Amino acid sequence: MNPKALAFDKFMKAEEITAFERKDFEDEDGTVVYRSYIKSPLWDMPLFVILDNSIYSVIRLVLGPEKVTAQNMAAINALINRENATYKNYKFYIDEQDSTLYLDCVYMCANDEFIPELMYALMTSIVDYIPQSVGDLKNAFESNIQ
Amino acid sequence: MNSKAEKFDVLVADIEQTGNKWFTKEVIEGDEYGTVVYHGRLEIHGNSLPVFIVLDNSVFSYIRVAITTTSITAAAIKKVLPKLNELNQQYKVTKYYVNDEDSNIYADISVPTTDDTFEPAVLVNLMLEVIKPHLDEVHPDLLKIVGQAK
């Protein structure tokens, strides 16, 4: 458990947000992970909010679970670079270990300066991003450029 | 102008009292977000890298560092993208990309904050205590990959 998770729980209760499943890790950082997903025409995209005692809070969206291949890698790399240059607060990357495309949004602040409303606004902006990007994502995943 | 820039000005004035002219301020005239850019430099292994601290009326404040200042070739872009991906996965704070317009590599450090919780010293500390040591470590390798090592 950590102070940011306490504040986030309180916020979600007040706003009657029930979309998240919570899991506590018994680690030294007091990590709490909230899990939900975003529905998209491509597939359901798992969404995680990771809060711990560090100054980093992370929203992680699994954009392409095990969808990166040798065939579509070049197109996905091009898409990643373009989106990373365009969106100030999002970071796209491929994890080659699990062939997955991720989108991270990192919110840096001290425990006592954590604003759950801001965290939630960042998450909402990601939810809004999906419908507008789904065409480009589909093209990249289906591409076959060597 | 915006209220975060007003707070940052106070810090810049304090820094300048010590004789350090680190930042040059640029107000973007007529910008609907009241954007103010502070231009500075980071010295990394003899390279003077341009730094931009961008503050506006949105919650998205950020620091941008130009990793290269001479355009890299198309072949170098292809070579460096996997490395940038690796860095983006490995380090939470920085985001690397190649800008399409000038073919230079940039690192962005996004610092979402409301006007009330904005702490200008946090940005400067982040730059000196997190970004500089990080770039000291990774910058030489990036220059090598794009064929710009001295």
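In what order do the elements of chain A run from the N terminus on?

1. Starting at the N terminus, chain A runs α-β-β-β-β-α-β-β-α. That order holds three helices and six strands, where helices (H or I, at least four residues) and strands (E, at least two) are DSSP runs numbered from the N terminus.

2. A word on the basis: this is a predicted model, in which local features need pLDDT of at least 70 and side-chain atom pairs count only at pLDDT 80 or more, while totals for chains, interfaces and linings use all residues. Residues are numbered from 1 along each chain as its sequence is written, and chains are lettered from A and ligands numbered from 1 in the order in which they are written.

3. On overall shape, chain A has a radius of gyration of 16 Å (over C-alpha atoms), close to the 15 Å from the globule rule (2.2 Å times the number of residues to the power 0.38), so chain A is as compact as a globular protein of its 146 residues. Its C-alpha trace spans about 50 × 30 × 25 Å along the principal axes.

4. Of the 146 residues in chain A, 35% are buried, meaning that 20 or more other C-beta atoms, placed from the backbone, lie within 10 Å of the residue's own.

5. Now the contact between the chains: chain A and chain B put in 20 residues each, a pair counting when the C-beta atoms, placed from the backbone, lie within 7 Å. On the side of chain A that touches chain B, H2(A) gives the most, with five residues.

Definitions and conventions:
Contact = placed C-beta atoms within 7 Å. Buried ≥ 20, exposed ≤ 12 C-beta atoms within 10 Å, placed from the backbone.
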